[in-house]
Amino acid sequence: MSDFIKRANLPDKKAKTVLIGRHERIIEELNSLGIETIVLEDNTDIDFSVRNHADMAALHLFENRIILDKRQSAAAEKLERMGFSVGLTEKNISGSYPDDIRLNCAVIGNKMICGKRGTEPALFAEPFERITVNQGYCKCSVCVLTENAIITDDESIFRKTRDVFDVLLVEKGDILLDGKDYGFIGGASAKLSGDAITFFGSLKFHRDGDKIRAFIEKHGLKCIELFDGKLTDIGSVVPILEG
């Protein structure tokens, strides 16, 4: 039996169901691990490099509460049949920054890191302590370890959160993102069980790989590297059920 993940991004047990963009290799890998994948529709109204990124289209708030891009009607219907309470953005996510980052917020316990501009208005009514930063692609830029620890490759997020969380700042680069010079640490990772952080690729190809591994182990977690190759920003995945 699967349960709703109580705290977004922080499963206590093994994730059983996740939301993911169209990344066939990752979907196959996750399915082989017994993780069900609900695949979100591509968004051709935003930059092609992030058109299939889950962190641009879906935001898990807590327990059975999820907000989706208005165009994700098929996923919304499926989630509602599974018992989720699904909200939709007031309009389709489209255009360029900051119009494309309406849901790209990092939920960490009772806190939410979000950009100063572009955030979906409905999120301001949610029961979170908001930390506003200059970087709009917040979830892209944050790997959530625990309620008290994160990794980021964005200096503005680091400056605003270092007195709130234990934060490791790593250098940008060494993460692949289709059509861009580099991707981001949050999009290349996800917590898919209570005791491990999963990376889409191998830390050995990142200049701060050893530092990242040590920081994760410091917080009582282990690293799972899904394949042997450079870390790849796929827009992360959104774990929603565990068991």
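Modeller: The secondary structure of the protein comes to five helices and 18 strands, where helices (H or I, at least four residues) and strands (E, at least two) are DSSP runs numbered from the N terminus. This is a predicted model, in which local features need pLDDT of at least 70 and side-chain atom pairs count only at pLDDT 80 or more, while totals for chains, interfaces and linings use all residues. Residues are numbered from 1 along each chain as its sequence is written, and side-chain values use heavy atoms, with hydrogens and water left out.

Biologist: Which strands are at the edges of the open sheet of four strands?

Modeller: Two strands pair if DSSP finds at least two bridges between them. The order is β1-β18-β2-β3, with mixed pairing. Those that pair on one side only are β1 (3-4) and β3 (36-39).

Biologist: In what sense does β2 pair with β18, parallel or antiparallel?

Modeller: Strand β2 covers residues 15-20 and strand β18 residues 238-242. T17 stands opposite L241 in β18. The two strands are joined over four bridges, and the sense is antiparallel.

Biologist: Which residue of β3 stands opposite V18?

Modeller: V18 is found in strand β2. The pairing of β2 and β3 is parallel, over four bridges. In β3, the residue opposite V18 is T37.

Biologist: How far apart are the C-alpha atoms of V18 and E36?

Modeller: Along the chain, V18 and E36 are 18 residues apart. They are in contact, which is to say that they have heavy atoms within 4.5 Å. Their C-alpha atoms are separated by 6.4 Å.

Biologist: Is V18 buried or exposed?

Modeller: Buried means under 20% relative accessible area, exposed over 50% and partly exposed in between (1.4 Å probe, protein chains only). Leaving aside neighbours within four places in sequence, the contacts of V18 include L30, I35, L192 and V237. In β2, five of the six residues are buried. V18 has 0% relative accessibility and therefore counts as buried.
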